[in-house]
Structure formats: structure tokens, C-alpha cells
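Subject: Structure handover

Hi,

Here is the structure I promised to pass on to you. Please have it open while you read, and I will take you through what turned up.

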Amino acid sequence: MCSFLPFQVSPGMPRDRDSSRFSDNMGRTIHHFLNVSSFSEYTVVDVAHLVKVDPALPPEKACLLSCGVSTGVGAAWKAAEVVEGSTVAVFGLGAVGLAVVEGARLRGAAKIIGVDLNPQKFELGKKFGLTDFVNPNEIGERSVSQVISEMTGGGADYCFECIGLASLMQSAYESSRKGWGKTIVLGVEMHGQPLSLDTRRILEGKWITGSLFGGIKAKTDIPILAKKYLDKELHLDSFITHEVGFEDINKAFELLNHGKSLRCIIWMDK
């Protein structure tokens, strides 16, 4: 995936002063998309954007660690530093949210609550370690934060917002425990709305922060995640729900947009 317009962050090669080494057949400059040009068979990227992994890791599994899965797992591991025996609430059970569930399981969380409007996500989430489920449409007049407070005896130790809605970020924050509750925002607010918090809640000792790439340091942490997969500790296979050839790439996007796919592998040679 490339673009004729520079992406906002480092559109080209940093050591080439952000210029690009690519052009189309009309001589127009083609910039990297997010520095990686995801849907090209061959590319040139800066050494800072490359990570060497064990060759035993299949490419269709390795690609899951470039974003999404690593973001969610990393958020539980690096950003929140979930501790063993703690309680976790995950708002939004898409690929990133389910990866948070997976990361919380790996960290030894005792209770992992998923919040989603799709009831089918509970059974899917159990594969990754989900223990409880809240559907906001099925809790009557109570708020999600009230339900989670009842389930956890005062609020979750860690809350993760994985959708990108200011109202959900607020709900996640309100669902965290007084005194030490942590809320990690992973979703980009889809409407550009600001986040509004009751200042009295801040004085209760709870805190909220955003996380880029789940706090993962790619050079050192992705090889660790790769080893965890090879050691059968990290579940990657369940994230792959579809596989298509490159000519069907639009089908892959349709599956994603309709919530029918977690991750779809796009094969260049099939």
C-alpha cells in the first residue's frame, strides 16, 4: 500500500531527508505508507523499520506482529504492566481488543472482562482468555461502569479502550478502580471528539494514558513475541479468520468493515 501524497509521519526514508526512492511510470513520487509499503512484494525501507525474527516463524504469522496483535499484547505487557491475579476490562473486542485479552492472559490476570455489542465476541474471546462479558444493550438502566464495579468489587485494576470513541474512553476510565486503576487508550477517536473527564475522578488516584503500538519497542520486543509463539505460549493462529489472494484485496476490506474478520492474510502469489 503506497500513496502519492506524503503520510504525516516520515513518509519516505529518514536518512534520505524523508524523500522516497520510488516513482510510478509517469515519474510521480510514491511514498511509503506508514514506512512499510504493506501491499508490495518488494520494498526499500530504512533499517530502523526492520526487525529480524526467527526464520522458523511462518510469514503469515509474522505479519500479525507488525501491528494489531503486538499493539494489544504490548498494551497489557508494556503499557499497563498487568500484574498476576489482577482484574482487566477490555472495551471493544476487535483484533486489538482480543490481543489485549491475550496479553492479559499471558500476564496472569485472574478476571478478564470483555465489553462489546456483539454477543458472539464472548465465545470468540474465550479462545484468548476472556472470562466474563458485558453487552451494554443487555444491562438495562445500569451503566457499564456500574456493572464492572459490581463484577470486580470496586472497579477493574486495568481498563483498555480499543475502539476510538471519547464516550467509551470515559466509560473505561469510570470503570477503573479507585486508588490505582489504570486506563489505557488504544483507539484513535474516530470523530475527532475531545475527551472530557470529571476532575473529581482524577483525585481518586486513577490515571489514564494513551499508548502507541502498545509501548512495544519493535527491535527488541517483536523477537520476544515471535519466540513466545514458537514456544506455543502466544496464540496467533486464532487471529487469522480469512485468507485471500491479492486480486481479492477488496474482499478483505469488506470483511473487515462488516466485522466478519479479525485478520485476513493477503497472499501475493495465490
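Which residues have the most contacts inside the largest nonpolar core? In this predicted model, they are L65, V82, V88, V90, I112 and F160, within a core of 42 residues. Two or more residues each come from α2 (69–79), β4, α3, β7, α8 (218–230) and β11 (263–267). The most come from α3, which supplies 6 residues. There is also a second, separate core of 12 residues, and I113, V144, A156 and A172 are among its members. As background, nonpolar side chains tend to be buried together in soluble globular proteins.

L65 is worth a look on its own. Leaving out residues up to four places away in sequence, L65 touches L57, S70, F213, I222, L225, A226, L234 and L236.

Now to the sheet. It is open and has 6 strands, which follow the order β6-β5-β4-β7-β8-β9 with parallel pairing. At the edges are β6 (132–134) and β9 (207–210), each of which pairs on one side only. On average, neighbouring strands in this sheet are turned by 20 degrees against each other, ignoring direction.

All 5 of its 5 residues are buried, so β4 is largely enclosed by the rest of the structure. The side facing one way carries T87, A89 and F91, while V88 and V90 point the other way. Here is how β4 is paired:

- With β5 (residues 111–115), β4 runs parallel and is joined by 5 bridges. V88 has I112 as its bridge partner there.
- With β7 (residues 158–161), β4 also pairs in the parallel sense, over 4 bridges. The bridge partner of V90 in β7 is F160.

Those four partners, V88, I112, V90 and F160, are also listed among the residues with the most contacts inside the largest core.

Further along the sheet, β5 and β6 run parallel and are joined by 3 bridges. In that pairing, V115 stands opposite V134 of β6. Helix α3 packs on the sheet, where it touches β4, β5 and β7, and its direction makes about 170 degrees with that of β4.

How does the chain get from β4 to β5, and what is the hand of that crossover? The path goes through α3 (residues 95–106), and this β-α-β crossover is right-handed.

D221 lies in α8. Is D221 buried or exposed? Its relative accessibility is 3%, so D221 counts as buried. Setting aside neighbours within four places in sequence, D221 is in contact with W77, K78, G215 and I216.

I249 is in helix α9 (residues 249–257). With a relative accessibility of 15%, and with under 20% as the cut-off for buried, I249 counts as buried too. Not counting residues up to four places away in sequence, I249 touches F39 and I266. The C-alpha atoms of I249 and I148 are separated by 39 Å, and these two residues are 101 residues apart along the chain.

Happy to talk any of this through once you have had a look.

Best wishes

Methods:
Residues are numbered from 1 along each chain as its sequence is written. This is a predicted model: local features need pLDDT of at least 70, side-chain atom pairs count only at pLDDT 80 or more; totals for chains, interfaces and linings use all residues. Side-chain values use heavy atoms; hydrogens and water are left out. Buried means under 20% relative accessible area, exposed over 50%, partly exposed in between (1.4 Å probe, protein chains only). Two strands pair if DSSP finds at least two bridges between them. A crossover is right-handed if, with the strands pointing away from the viewer, the path from the first strand over the helix to the second runs clockwise. A nonpolar core is a set of buried Ala, Val, Leu, Ile, Met, Phe, Trp, Tyr and Cys residues joined through side-chain atoms within 4.5 Å. Contact means heavy atoms within 4.5 Å. Axes are lines fitted to C-alpha atoms, for helices over the stretch in contact, and angles run from 0 to 180 degrees between N-to-C directions.
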